[in-house]
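User: Let's go through this one together. I'll ask, you answer.

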Amino acid sequence: MKNQPSKGPEKASRSSIKTLLVVTLVALIAATAWSTGWIPFLPAAHAQGVAKVAVNPSSISSLALVPGTTLTFQVSVIDSQPFSGFQIALLYNHSVLQFQGLDISGGVLGNDAFFSSECVNGTGPYCFPDSRFDGIGVVSVDLFTDSGLNTTASSGKLFSVTFTVANMGFSSIHIVYDVLVALSASAPLGLIFIPAVPYDGYFTNIDCPAASGTPCKPPTVSFNPPPSPIANQPEFFNAYAVSQNLNGRISQYNWTWTMGLEKRYYNSPAQGSLTPSTNITITFPDPGPWVVTLSVQDNYGARIYYVLTIDVHQIGVSVSIFYTDPDMHPLLSDSDGNPMVNAIITGGILRSMTPGHVLAWVNVTNTSGSSLKSLKLNVTLPLDWAVNPAWLPAKGAIHVYYANTTDLATNPEITQPSTITVSTGNPMLVQVEIPSFNATVMGHPLLTAESVLLSVKLSYTLTGTTQSAMSYPRNYSSTASLMVWTGPEFTGNDAAGQGSFFFRVFAESLGRHGIRGVTVV
């Protein structure tokens, strides 16, 4: 017996359920960058341990199914953990098949399941359309248990769709969207989303070639995504498709890439061209999980879909500066919490500093989802402070470390003296250019959340000069600017970063014979 959608009084509450489902799912995807890959008609081993949503049978292929006959496809779940509802949308060729009816009887959700939305061609009396997929040639179903109890069946029927054959032709039965939902009091917004790998089906009542008596088959298709795509950078995709029909050839490559409500298209061959291209360059405007769909069709009209969720990253790098004494202990702080150094002035001459030297540190952290392979770092040192000893590689005033420990003293050194230059003048400029992290002691790129440290030993150039204690305290600031690349030798996608920080010098004035005078603060 066919279960009918519930009537009017429940419509508003079901709209609320669907809105909560959509909003929560978008938030979950944004937070976790959840993604799954899909290859149609793969064996079950493809997704071992992962739920599957499959069209059954995988094909209905008969030249005897003339217009006016009916056929039914069932959508089933396989190997899922318990769930309380689902949202699934099927795309079909509406010029070949016409929707006739939907049946949820005997489903794994039991007898108390109800529709929160049912859309056919984007409309219907109980339809709350989702702009991400609802439209012409799409039937979408949102079904939940009325009691909210999870099903205990891991496999079985979700629903079935009956079509009337309208014309001779070919139709994919493409799962354009699928998500299983479980209720959980401890989960954000009370919902858990269960990833499920979709398996499509198809219908045909034509033969390829015509009069051959052999029903048409869909092409085989896949594409190679870029290994680590970056937002706002051109990314290259290469498709591979072959017609399975005699004398068949691929005539169309249609690409769609979506994230949330954002949807973009590219069709090949382009308008005015007769030759389809297997390649495409996509620039993703934002980081996050983008669903990339490739649909290919051969010269007989047989079509298939291939879908992957691509995690698009934003190249990011953070730069921070801090200061320590020569023993790598943080500088003392003034009353405002700022790092400080003390100067001793005797007889109008600045005699000494405490500590005697300052180590300026620049911390560079990879904050993106991509590994970084080369770097250029420019550091402007504080005015009146100089590299000490003067930069000669053998004297080692400058060091670069791979910060893979929690102790500054134990981080492995990756200094390559030939990559460091120091300019003269006041202020001084230190430049570090690392053409390949792989060629350093690290032996690998700078991975996500990993850091490198630059340490520069400084001395105060005003030591021994005439100074007035009344001109203190003085602020001394370092600034750093950075470029990083995803490729070696400063190639590939790039990103920039910058940072600055200061410390203060306070002066204590002593008399000509060392008698303590006034401390200026």
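Some questions and answers on the model follow.

Analyst: Heads-up: this is a predicted model, where local features need pLDDT of at least 70, side-chain atom pairs count only at pLDDT 80 or more, and totals for chains, interfaces and linings use all residues. Residues are numbered from 1 along each chain as its sequence is written, and side-chain values use heavy atoms, with hydrogens and water left out.

User: What is the mean pLDDT of the protein chain?

Analyst: pLDDT is the predictor's confidence in each residue, from 0 to 100. Here 87% of the residues reach 70 or more. Residues 1-18 sit below 50, with 37 contacts (heavy atoms within 4.5 Å) beyond near neighbours in sequence. The chain's mean pLDDT is 86.

User: Which residue in β18 stands opposite Ile250?

Analyst: Strand β15 covers residues 250-259 and β18 covers 288-298. The two run antiparallel and are joined by 8 bridges. Opposite Ile250 stands Asp298.

User: Is Ser117 buried or exposed?

Analyst: Ser117 belongs to strand β6 (residues 113-120). Its side chain reaches the backbone nitrogen of Phe128 at 3.0 Å. The relative accessible area of Ser117 is 1%, and the cut-off is under 20% for buried and over 50% for exposed (1.4 Å probe, protein chains only), with partly exposed in between, so Ser117 is buried.

Key: Pairing = 2+ DSSP bridges. Helix = DSSP H or I, 4+ residues; strand = E, 2+ residues; numbered from the N terminus. Polar contact = N/O pair within 3.5 Å; in protein donor to acceptor, adjacent residues only side chain to side chain.
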